[in-house]
Amino acid sequence: MPHFCRGCNNCFLKGENSCPHQDYITPIKEAILKAELIIFVSPVYVLNVTGQMKALLDHLAFQFMSHRPNKLMFHKTALIVSIGAGGGMDSTIKAISTNFKWWGISRIYSFGFAIRAVNWDEITKKNKLIMERKIKNISNKIKSKINKPKLSINTKILFYICRMIQRNYAYSPCDKEHWENNGWFGKNRPWK
Ligand SMILES: Cc1cc2nc3c(=O)[nH]c(=O)nc-3n(C[C@H](O)[C@H](O)[C@H](O)COP(=O)(O)O)c2cc1C
């Protein structure tokens with residue numbers, strides 16, 4: 001994402017189409033909603049995600065469960081890939097998976113690896129083989145689970161906390177309307 005979030009709050013208060021960077025965000029948002037498997041990739045920069053990845057995640061904050069989650073997210077499978085020279089893959093993966101959880105995704109896979117190098121040619125043959133084996137394992141796991149939606153208890157708990165907040169303390173009428181239109185204050189649930 002080439003732009004930083006400007007902090008205008010338009011996405012929360014007026015809807016995501018009022019984002020000044022919507023030309024960038026709309027196609028990404030639509031691709032995510034269509035995807036059978038969402039894959040986010042970030043190298044480790046100073047023990048965390050790259051600035052570009054953080055800027056992208058900031059632009060997608062409107063779809064946090066505390067605002068306007070999309071019910072399609074509750075059935076999605078996601079994969080996070082993070083490669084670093086030495087360390088910081090865990091914190092990078094966590095930064096992205098925290099967002100995914102708040103979007104309503106329960107089935108999240110991750111692949112982190114320290115390549116002990118800064119470019120492909122410098123990676124040892126041994127490390128390339130280890131990576132290949134791990135990637136095959138994770139791909140097989142994903143293939144066997146992709147059409148079996150999972151709903152974690154944490155996703156459910158988060159949904160009910162956000163529902164209570166939206167019902168009693170909503171600060172954005174736009175968010176509240178989204179919950180009303182989906183029937184989530186009644187008996188409808190995003191995972192049904
Ligand atoms: C600004 C910057 C910060 C980095 N910080 C880390 C770091 O904290 N930990 C680490 O293991 N690698 C770090 N690296 C190395 C990169 O993660 C590594 O080279 C990675 O392979 C780059 O991914 P790419 O080949 O897809 O560009 C850093 C690289 C750059 C350019």
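Lys 54 is partly exposed, with a relative accessible area of 44%, where buried means under 20%, exposed over 50% and partly exposed in between (1.4 Å probe, protein chains only). The model is a predicted one, in which local features need pLDDT of at least 70, side-chain atom pairs count only at pLDDT 80 or more, and totals for chains, interfaces and linings use all residues. Residues are numbered from 1 along each chain as its sequence is written, and side-chain values use heavy atoms, with hydrogens and water left out.

The side chain of Lys 54 meets that of Asp 58 in a salt bridge (2.6 Å, N to O), a term for a side-chain nitrogen of Lys or Arg within 4 Å of a carboxyl oxygen of Asp or Glu. Because the two residues are four residues apart in helix H3, about one helical turn separates Asp 58 from Lys 54; helices (H or I, at least four residues) and strands (E, at least two) are DSSP runs, numbered from the N terminus. Asp 58 is also partly exposed, at 29% relative accessibility.

## A network around Glu 16

Salt bridges that share partners join Glu 16, Lys 29, Arg 68 and Asp 175 into one network, and the structure holds five salt bridges. Glu 16 forms one of them with Lys 29, with the closest N and O atoms 3.3 Å apart. Since Glu 16 lies in the loop between H1 and helix H2 (22-34), and Lys 29 in helix H2, this pair ties together parts that are 13 residues apart in sequence. Lys 29 counts as buried, at 13% relative accessibility.

Glu 16 also forms a salt bridge with Arg 68, where the closest N and O atoms are 2.8 Å apart. Arg 68 lies in the loop between H3 and strand E2 (77-84), so its pairing with Glu 16 ties together parts that are 52 residues apart in sequence. At 6% relative accessibility, Arg 68 counts as buried.

Asn 9, although it is not a glycine, has a positive phi of about 70 degrees. Asn 9 is found in the segment before helix H1 (10-13) and, at 33% relative accessibility, counts as partly exposed.

Val 46 is likewise not a glycine, yet has a positive phi of about 40 degrees. The loop between strand E1 (37-41) and helix H3 (51-59) holds Val 46, which counts as exposed at 83% relative accessibility.
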